[in-house]
Amino acid sequence: QVQLVESGGGLVQAGSSLRLSCAASGRAFSGYARGWFRQAPGKEREFVAAINWRGGNTYYADSVKGRFTISRDNAKNTVYLQMNTLKPEDTAVYYCAAHYTVLTTADYDYWGQGTQVTVSS
């Protein structure tokens, strides 16, 4: 059973930080790129950040560039999303995903169940 499990979401005030984690189980996703997406109520799922297998290439949505950092620890089969200077508009369910190549679209093969991030003003 392939699983991606997100954690680290919560309710925070604007200007705060959170770190999301996404652990993979069932397979190592060796060689796989990983991505983070988010979906706010009434909106479509949108790309947030992505990272290639070796971690040398990262990609960000303009809305989070300079505030969010994606990273990965392949030994732990885990990807992270460090979110700083959070804004109310960052409120959404955050999903991690895995695919054999880096994508900035939601065409990933594997998805987690999501973790809620709520930023109060």
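In this predicted model, a network of salt bridges links Arg38, Glu46, Arg67 and Asp90.

| Salt bridge | N to O distance |
|---|---|
| Arg38 and Glu46 | 2.6 Å |
| Arg38 and Asp90 | 2.9 Å |
| Asp62 and Lys65 | 3.1 Å |

Arg38 takes part in the bridge to Glu46 and also in the bridge to Asp90. Arg38 lies in strand β4 (residues 33-39), whereas Asp90 belongs to the loop between β8 (78-83) and β9 (92-99), so this pair ties together parts that are 52 residues apart in sequence. Both Arg38 and Asp90 are buried, with Arg38 at a relative accessible area of 5%. Glu46 is partly exposed, at 36% relative accessibility. Asp62, the partner of Lys65, is exposed, with a relative accessible area of 67%.

The aromatic side chains give 5 pairs. In one of them, Tyr108 and Trp111, the ring centres are 6.1 Å apart and the planes stand at 65°, so the pair is edge-to-face. The cut-off for that label is an angle over 60 degrees. Tyr108 is buried at 5% relative accessibility, while Trp111 is partly exposed at 27%. Together with Phe37 and Phe47, Tyr108 and Trp111 make up one aromatic cluster.

Arg45 is placed against two rings. Its charged end sits over the ring of Trp111, 4.7 Å from the centre, and Arg45 also lies over the face of Tyr95, at 3.8 Å from the ring centre.

Notes: Residues numbered from 1 in each chain as written. Predicted model: local features only at pLDDT ≥ 70, side-chain atom pairs only at ≥ 80, totals over all residues. Heavy atoms only, no water. Phe/Tyr/Trp six-rings, centres within 6.5 Å; stacked < 30°, edge-to-face > 60°. Buried < 20%, exposed > 50% of the residue type's maximum accessible area, 1.4 Å probe, protein only. Lys NZ or Arg CZ within 6 Å of the ring centre and 35° of its normal. Salt bridge = Lys/Arg side-chain N within 4 Å of Asp/Glu carboxyl O. Helix = DSSP H or I, 4+ residues; strand = E, 2+ residues; numbered from the N terminus.
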